Amino acid sequence: FYGEKKNKCIKDLNFSVYLDGFKLGEEDIEVLGDIILNITTADLKLGLILYNALLKLKEYTYKNIYTLEKVKFIKIKEKKVKDRFNVFKTLSPIYAKDINNKDLDIYDEDFKLSLNYISDIYLKKFRGTGLKEEIKFIPIKMKMHICKEELKDFTEKTGRKYICLKCYSGLFSLEGNAEDINILLQSGILYRRSFGFGMIELI
């Protein structure tokens, strides 16, 4: 809990998942190849804890149904932002919302406000100071997706099994302070990062 709100504290962990071949069923996904899990964090202490834990982990059981076996574990050298203007690609969809929890379009003026708002809050939490300057987001080649999530709290509140979110993936640029953007590159951008959204890669 964060204050009186459940799970509202911004997490330092971000991840994305890639399936090497799959078939969609009505309720499940049949994986035909490997599952690649990418994990990133701007928190060095948390990163070391995760690194040591994953080295020891051999398999993981999810919902007492699915068992994942670790094949190999690779530490990837991170890329660093050096300039004000940089191009990125999404490794997982990015998601933005307004103060009323309404999904935002990347071409909406409120999208920029949402990006700067949540980035400023996260940086204040992470290092004690917020954005050094405004971040500009420029779509280059982006595609919209509807992502479905199964959330217990949402189902209990609405009676619907899935929450549907309007998200985007593809290429875009960020312009702003290099230190700010480097931390966001490590932590992920925008909302629902600890749910596997918002992982980006410098290209």
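The legends below describe close-up views of a predicted model. Local features are described where pLDDT is at least 70, side-chain atom pairs count only at pLDDT 80 or more, and totals for chains, interfaces and linings use all residues. Residues are numbered from 1 along each chain as its sequence is written, and side-chain values use heavy atoms, with hydrogens and water left out.

**View 1. Asp 43 caps the N-terminal end of helix α1.** Helix α1 covers residues 44–56, which is 13 residues; helices here are DSSP runs of H or I with at least four residues, strands are runs of E with at least two, and both are numbered from the N terminus. From its first C-alpha to its last, α1 reaches 19 Å, close to the 18 Å expected at 1.5 Å a residue, where the expected span is 1.5 Å times one less than the number of residues. At the cap, a side-chain oxygen of Asp 43 lies 3.0 Å from the backbone nitrogen of Lys 45.

**View 2. Tyr 95 and Phe 197 form a tilted aromatic pair.** Rings of Phe, Tyr and Trp (its six-membered ring) pair if their centres lie within 6.5 Å, and planes under 30 degrees apart count as stacked, over 60 as edge-to-face and the rest as tilted. A search of the whole structure finds 6 aromatic pairs; in this one, the centres are 6.5 Å apart, with 55° between the planes. Tyr 95 lies in the loop between β7 (85–90) and α2 (109–127) and Phe 197 in the loop between α4 (178–187) and β10 (200–202), so the pair ties together parts that are 102 residues apart in sequence. Both residues are buried (buried means under 20% relative accessible area, exposed over 50% and partly exposed in between, with a 1.4 Å probe and protein chains only).

**View 3. The rings of Phe 137 and Phe 172 are stacked.** Their centres lie 5.0 Å apart and their planes meet at 25°. Because Phe 137 lies in strand β8 (residues 136–150) and Phe 172 in strand β9 (residues 162–175), the pair ties together parts that are 35 residues apart in sequence. Phe 137 and Phe 172 are both buried, and together with Phe 88 and Phe 111 they form one aromatic cluster.

**View 4. Cys 147 is in no disulfide.** The structure holds 0 disulfides, a disulfide being a pair of cysteine sulfur atoms within 2.5 Å. The cysteine sulfur nearest to that of Cys 147 belongs to Cys 167 and is 3.8 Å away. Cys 147 counts as buried because its relative accessibility is 17%.

Technical notes: Polar contact = N/O pair within 3.5 Å; in protein donor to acceptor, adjacent residues only side chain to side chain.
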